[in-house]
Amino acid sequence: MVADVVTEFIEGLVETYPGLQFLDGFPQVKVVLRADVSSATYNKVAVISGGGSGHEPAHAGFVGEGMLTAAICGDVFASPPVDSILAGIRAVTGPMGCLLIVTNYTGDRLNFGLAAEQAKSEGYKVEIVIVGDDCALPPPRGIAGRRGLAGTILVNKIAGAAAAAGLSLADVAAEAKRASEMVGTMGVALSVCTLPGQVTSDRLGPGKMELGLGIHGEPGAAVADLQPVDVVVSHVLKQILSTETNYVPITRGNRVVLMINGIDRKVPIYVQEAYAYSVMELNFLFFMMRLLGATPVMELMIAAGKAVPNLQLEHGLAVERVYTGSFMTSLDMAGFSISIMKADEVILKHLDATTKAPHWPVGVDGNRPPAKIPVPMPPSHSMKSDESLGRPLQLSQQGHVLEVTIEAAAEAVVNLRDRLNEWDSKVGDGDCGSTMYRGATAILEDKKKYYPLNDAAETVNEIGASIRRVMGGTSGILYHIFCKAAYAKLKASSKSGITSKQWAEALEASIAAVSKYGGATAGYRTMLDALIPAAAVLQERLSAGIDPSTAFILSSEAAIAGAESTKHMQAQAGRSTYISPEILASVPDPGAMAAAAWYRAAALAVKDMYQAS
Ligand SMILES: Nc1ncnc2c1ncn2[C@@H]1O[C@H](COP(=O)(O)OP(=O)(O)OP(=O)(O)O)[C@@H](O)[C@H]1O
């Protein structure tokens with residue numbers, strides 16, 4: 001039921017966090033409070049905030065020791081009624097009094113204001129601080145004033161920490177008021193939010209974003225074409241710090257804290273529109289629209305990563321803390337807001353103070369270095385000295401054959417990238433070609449500098465190293481295992497030259513290792529269905545005394561046939577196991593096709609070389 005969403009949210013919240021409780025009087029009175037606080041015994045200033053629901057985790061998720069003592073929840077986007085606010089005040093306010101922190105909306109101001117007057121007449125000490133941090137609209141704002149946005153959460157934290165430190169009501173209120181005057185916020189939206197049970201507005205068309213939005217679905221200050229994320233972030237920061245509006249008293253050389261607030265809890269996927277833009281540029285569309293598996297946290301972190309250097313370099317500010325996450329949301333509206341607060345030691349101390357409020361971020365406290373310098377990669381113990389690695393000046397005949405073979409095999413994989421991806425998009429996650437391509441291009445590159453081609457065992461080991469470095473994915477680790485096993489086998493052979501029998505044994509050792517670690521064997525619809533028949537034919541033909549390059553060719557034909565036969569196999573390994581038999585029958589296993597392709601190309605290259613000589 002639409003009417004029950006807030007009640008049900010609160011029920012889930014208090015079930016999740018043992019430190020939270022709700023007031024009896026539910027469902028009319030929707031007050032979340034600290035389970036350990038009672039007005040009869042509470043000896044600190046109570047800090048209460050609240051407002052309409054639909055902005056979760058604000059405000060109920062910020063109730064906890066060190067932050068809010070209680071949160072008063074209205075219905076979705078509707079200010080809570082006076083009686084609920086009063087009930088909350090009476091439940092948690094002891095002799096030290098209470099501070100009400102109110103986001104600046106007419107309804108909230110009136111309801112909280114009236115509740116405060118009533119509470120005072122009942123003998124409670126009450127102060128109110130109104131937060132209006134919106135920087136999107138130019139002054140004057142008439143009697144409505146500036147909207148209260150995510151900056152309120154920072155004010156809540158500062159007031160909560162001041163109260164927890166035992167300050168008087170006047171001092172807690174003064175700190176909260178000062179903080180509210182130091183913070184500015186502006187939001188950007190890509191979609192309009194939907195009220196539960198209502199139809200989504202189509203105000204914002206595709207390819208558009210809204211600048212300077214509110215958090216209740218009201219139109220923003222301007223609609224603009226989508227822009228790359230750094231352009232959007234830069235625009236928003238300029239607007240907040242504008243010397244024309246002069247909304248925040250922040251000037252060059254100041255210290256600030258930054259909040260990147262995710263406005264959305266769930267985001268629509270506009271993949272078709274998204275493809276009209278350049279994905280490679282990591283444009284705004286890409287990061288807001290969940291393409292390529294981006295997640296809300298990923299998007300917000302991307303915005304944070306752009307905002308910090310911009311504040312440092314463009315605005316000359318020292319960024320002391322960065323809070324990135326979902327703090328004050330707006331149902332399903334897609335977007336984010338940026339808040340900047342001028343910071344000093346007192347504000348930082350309060351922001352850093354510990355709290356049990358479940359949605360206040362952990363791990364943000366403490367001084368940040370002005371710039372992050374990456375930790376150097378620790379050297380691997382098995383790393384060889386540079387002299388033992390490297391392309392020899394002169395290639396032996398076998399070194400030359402090896403080079404040409406590696407080149408042919410890698411190029412076959414490069415050429416097959418798109419088809420592999422196409423097959424994998426039907427039976428896997430669509431990246432088999434890209435994964436294999438990464439490995440193949442790294443091999444082609446590394447071969448020029450690092451492969452000691454006259455030493456076949458070490459070269460195979462280096463191929464494994466190239467793969468390990470870049471490939472990833474299931475096939476990456478399996479090919480790394482494949483190379484390691486071949487290396488171990490070949491290393492036991494003579495350095496000067498490897499016989500075809502030794503190559504065949506190395507192939508068998510590799511297959512055994514892949515099978516051992518991956519758990520698959522013949523008929524599982526994997527790369528092994530190309531490699532196992534290939535190895536069998538190679539052994540058989542060599543034992544029959546046939547010329548090695550012909551044996552290799554015949555074996556590669558078995559690889560191709562094996563790979564193609566995977567079309568008729570049920571998958572027993574990898575992602576394909578989740579795919580229906582009808583879809584599986586429409587394409588071969590991409591990993592098997594990739595294995596057959598490089599193997600076949602290698603065989604043809606060897607044959608050409610021996611025919612030519
Ligand atoms: N257990 C296994 N043993 C051998 N080969 C396997 C096994 N599981 C999967 N494969 C092969 O790996 C190929 C898929 O490789 P790919 O790198 O695309 O893996 P993935 O499942 O997409 O994994 P990731 O999500 O890690 O990228 C399959 O087509 C199959 O040939």
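Where in the chain does Pro 57 lie? Look in the loop between strand E3 (46-53) and strand E4 (70-76), and you'll find Pro 57 there. Keep in mind as you look around that this is a predicted model.

Going from Glu 56 to Pro 57, the bond is cis, with omega near 10 degrees. Step along to the bond from Ala 58 to His 59 and you meet another cis peptide, here with omega near -10 degrees. His 59 also sits in the loop between E3 and E4.

Another backbone detail turns up at Asn 246. This residue isn't glycine, yet its phi is positive, near 55 degrees. To find Asn 246, go to the loop between helix H6 (229-240) and strand E10 (255-262).

Now for the ligand. What surrounds it? There are 20 residues around the ligand, and the closest are Asp 429, Thr 474, Ser 475, Arg 575 and Asp 589. Sort the residues of this shell by type and you get seven nonpolar, eight polar and five charged.

Zoom in on some aspartates and you can see polar atoms facing each other. For Asp 589, a polar side-chain atom lies 2.6 Å from an oxygen atom of the ligand. In the side chain of Asp 429, an N or O atom is 2.7 Å from a ligand oxygen. Overall, the protein covers 88% of the 640 Å² of accessible area that the ligand has on its own. Of the elements, H15 gives the most, with four residues.

Next, the aromatic rings. The chain has eight aromatic pairs. One of them is Tyr 323 with Trp 360, a tilted pair whose centres are 4.9 Å apart and whose planes make an angle of 45 degrees. The two partners come from distant parts of the chain, 37 residues apart: Tyr 323 belongs to strand E11 (residues 318-325), while Trp 360 is in the loop between helix H10 (345-352) and helix H11 (397-415).

Residues 265-294 are another story, with pLDDT below 50. In the model, this stretch still has 62 contacts beyond near neighbours in sequence. For the complex, the predictor gives an ipTM of 0.94 and a pTM of 0.74.

How values were computed:
Residues numbered from 1 in each chain as written. Predicted model: local features only at pLDDT ≥ 70, side-chain atom pairs only at ≥ 80, totals over all residues. Heavy atoms only, no water. Near = heavy atom within 4 Å. Polar contact = N/O pair within 3.5 Å; in protein donor to acceptor, adjacent residues only side chain to side chain. Areas by Shrake-Rupley, 256 points an atom, 1.4 Å probe, with all protein chains shown as cover. Helix = DSSP H or I, 4+ residues; strand = E, 2+ residues; numbered from the N terminus. Nonpolar A, V, L, I, M, F, W, Y, C, P; charged D, E, K, R; others polar. pLDDT = per-residue confidence, 0-100. Contact = heavy atoms within 4.5 Å. Phe/Tyr/Trp six-rings, centres within 6.5 Å; stacked < 30°, edge-to-face > 60°.
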